[in-house]
Amino acid sequence: MATQSTVLKIAIPTPLRRYFDYLPAKETDIGQLKPGVRVRVPFGRRQLIGIFIGLSSTSDVSIDKLKPIECVIDQEPVIPEDIMQLCAWAAEYYHYPMGEVLIGALPSLLRQGKPAERVYPTPLTRSVHQAAPFSLNEAQQRAVTHIRAAAYGFKAFLLEGVTGSGKTEVYLQAIADVLQRGRQALLLVPEIGLTPQAMQRFRERFTVPIVTLHSGMTAKQRLQGWLAATRGDARVIIGTRSAVFTPFADLGLIIIDEEHDVSFKQQEGFRYHGRDVAIMRAHFRQIPIVLGSATPSLEAVHNVKQGRFQSLMLPERTGKAMMPVFEIIDIRHMTLEQGISSTLLQQIEQRLHCGEQVLLFLNRRGFSPALICHACGWIPMCQRCNKPMTYHQRVARLFCHHCDSQKKLIHSCEQCASTALYPMGHGTERLEVILKKAFPHYSIARLDKDSTRKKGAMETLLEGIQKGEHAILIGTQMLAKGHHFPNVTLVAVIDADGGFFSADFCSLERMAQLIIQVAGRAGRDEKPGKVIIQTRHPEHCFLQQLVNENYQKLAEILLKERALAALPPYSHFALFRAEAYNNNDAIHFLQQIKERVDEKNKNMQTMGPIPAGMPMRAGRHRSQLLLQAKKRSYLHNELKNLIPQIEKIPTKKRVRWSLDVDPIEMV
Ligand code: ADP
Ligand code: ZN
Ligand code: ZN
């Protein structure tokens with residue numbers, strides 16, 4: 001029997017940063033109640049699912065005001081102790097409500113209160129034949145040996161391997177080793193749909209059950225995968241960002257592929273970095289973690305310098321493949337055939353003639369990023385974002401890529417009624433039209449968000465490319481990531497100038513990563529590869545270093561610049577964002593935060609409030625305030641003090657605000 005003074009501490013997904021007190025229900029057996037089980041509780045007029053944290057004999061609220069819980073859902077915790085610890089760390093580090101973090105860590109069906117006991121038998125497939133491993137080259141062997149030697153304890157490795165150097169093979173053999181010890185392995189990847197080939201390699205290599213966890217799956221499939229990992233039925237789990245919170249029966253190794261990729265950072269709500277949470281997980285669990293990339297983040301490079309990560313290098317491509325050569329084309333004074341220089345057209349023709357594939361990279365989808373009236377200069381804008389609307393010819397519509405609003409194509413200027421409305425600039429759709437005209441006898445595959453919207457469309461396109469059905473490949477960054485197309489010998493970056501003048505402190509790093517990654521698709525087999533970069537800034541030292549040196553050298557230089565400017569990783573950032581229908585509300589809100597910080601904290605710098613990179617989106621005005629500190633602890637102590645004060649700002653109701661710890665973009 002529960003005494004009246006037994007209080008249940010429950011984490012509930014609300015913006016309030018505290019636990020809530022409840023009394024046991026009549027039938028609750030307190031002795032059987034384990035932390036981490038789900039409970040259903042009355043909350044205001046609603047019923048919510050919460051997580052039981054622990055018992056207490058006291059409450060801040062008088063006991064007779066407390067309500068009993070509705071029921072206990074689980075017998076065994078859905079959040080085991082280690083995940084509880086990880087979530088507690090993440091909630092504190094990102095200053096996000098624990099209830100939201102815990103509930104967010106669960107598959108959606110469990111969030112809704114569906115049972116977690118044996119109701120969903122997991123159809124685990126395992127391959128019957130095991131593909132033989134490659135015999136490793138020296139550098140790969142060294143990497144695997146180091147990872148193996150670190151099996152029982154925390155150690156972080158940065159596997160820096162140039163594109164096509166066989167990083168995946170290192171992962172495979174490191175995982176094989178862990179499986180042999182009877183433990184499980186977790187591989188986190190940026191996006192699963194983009195690399196079905198690599199997934200296939202994993203399935204073919206191991207005979208143990210493998211599950212994937214990603215947003216393309218149905219809720220039921222996700223729960224099945226999650227349960228299989230939790231129970232230890234699945235031995236290798238391949239997942240995107242949120243899979244980092246999956247409980248495991250016996251996790252022995254974590255691998256983060258393409259650790260530099262921005263999709264590891266959640267950009268809304270709980271803004272955690274999957275890579276950084278994974279590192280903490282490995283640390284808590286005392287197991288090794290491997291971060292792999294051809295273009296490691298500057299943070300990772302810095303961590304190697306500081307001795308926190310051990311560097312493992314794969315300096316060369318495997319087999320006979322050579323690194324591609326670069327050629328910069330200065331397009332300033334050239335007459336361009338619709339955005340493409342004649343030099344590039346000639347080189348494309350040569351390659352096609354030899355039966356090879358060419359890849360054209362343009363990070364802008366749609367036909368053209370704007371329409372313009374030839375008579376008066378008027379441009380159709382998104383009223384809610386104050387940005388030009390992108391013209392999509394195929395569906396004859398205008399889309400705003402910032403808020404997804406759309407309208408029918410207009411045929412006359414709304415300002416002067418002229419019918420001379422012309423597309424301005426190029427997107428992938430337009431590039432496709434141009435190339436179709438120039439090379440009518442070759443098949444073109446376009447890979448972007450529009451062409452891959454339908455289920456299975458991406459797989460079909462990628463398969464067609466592998467089989468050589470398409471000679472010309474056009475795409476956005478989707479085409480830059482991780483693919484292994486052996487017959488691609490020419491890669492062209494159609495417009496390299498986008499990232500040069502961005503106000504974002506990360507933009508050069510991102511641009512270097514993108515160019516190296518897309519270049520890495522060229523010449524991955526025996527035929528040598530070439531990369532052509534069209535630019536109006538051929539002399540830019542950044543571009544020169546990138547093509548004449550290598551990514552590592554450039555990373556060194558970018559890090560030095562960051563050090564001089566006291567930018568991360570040499571200082572620590574937290575970004576407050578606020579948006580409101582009335583601009584003054586957002587600014588006023590941030591101003592109050594700023595005053596509270598400036599008043600008393602000499603260890604902190606504030607910058608702002610200033611309009612965000614996108615000053616308006618979906619009808620809301622957006623501003624931001626940057627907090628900067630030399631030491632991480634300064635920043636976190638300040639944020640800890642600040643949050644309860646922010647909760648009390650009276651105008652809070654009129655703004656949508658968020659806090660981004662370690663922001664990776666300032667838009
Ligand atoms: P990365 O992930 O570094 O870009 P991959 O792992 O995709 O590179 O390897 C590139 C190619 O080299 C793949 O086709 C892979 O099968 C092959 N490969 C990897 N390791 C070896 C090896 N030791 N011997 C021969 N081929 C290898
Ligand atoms: Zn006009
Ligand atoms: Zn818009």
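Visitor: In what order do the strands run in the open sheet of 4 strands?

Guide: This is a predicted model, in which local features need pLDDT of at least 70 and side-chain atom pairs count only at pLDDT 80 or more, while totals for chains, interfaces and linings use all residues. Residues are numbered from 1 along each chain as its sequence is written, chains are lettered from A and ligands numbered from 1 in the order in which they are written, and side-chain values use heavy atoms, with hydrogens and water left out. Strands are DSSP runs of E, at least two residues long, numbered from the N terminus, and two of them pair if DSSP finds at least two bridges between them. Here the order is 27-28-26-29, with antiparallel pairing.

Visitor: Which strands stand at the edges?

Guide: Strand 27 (604–617) and strand 29 (656–661) each have a single partner strand, so one side of each is left without a neighbour in the sheet. Strand 26 (residues 572–580) and strand 28 (residues 620–629), by contrast, pair with each other in the antiparallel sense over 9 bridges, and Phe 576 stands opposite Leu 625 in strand 28.

Visitor: Which residues are the protein donors of the zinc ion (ligand 3)?

Guide: Donors are N, O and S atoms within 2.8 Å of the metal (3.2 Å for Na, K and Ca). In this model the SG atoms of Cys 382, Cys 385, Cys 400 and Cys 403 lie 2.3 to 2.4 Å from the zinc ion, and along the chain these donors follow the spacing C-x2-C-x14-C-x2-C.

Visitor: Why is the arrangement around the zinc ion called tetrahedral?

Guide: Four donors count as tetrahedral if all angles lie between 85 and 135 degrees; the 4 donor atoms here subtend angles of 106 to 112°, and therefore the arrangement is tetrahedral.

How values were computed. Tetrahedral: all angles 85-135°; square planar, octahedral: opposite > 155°, others 65-115°.
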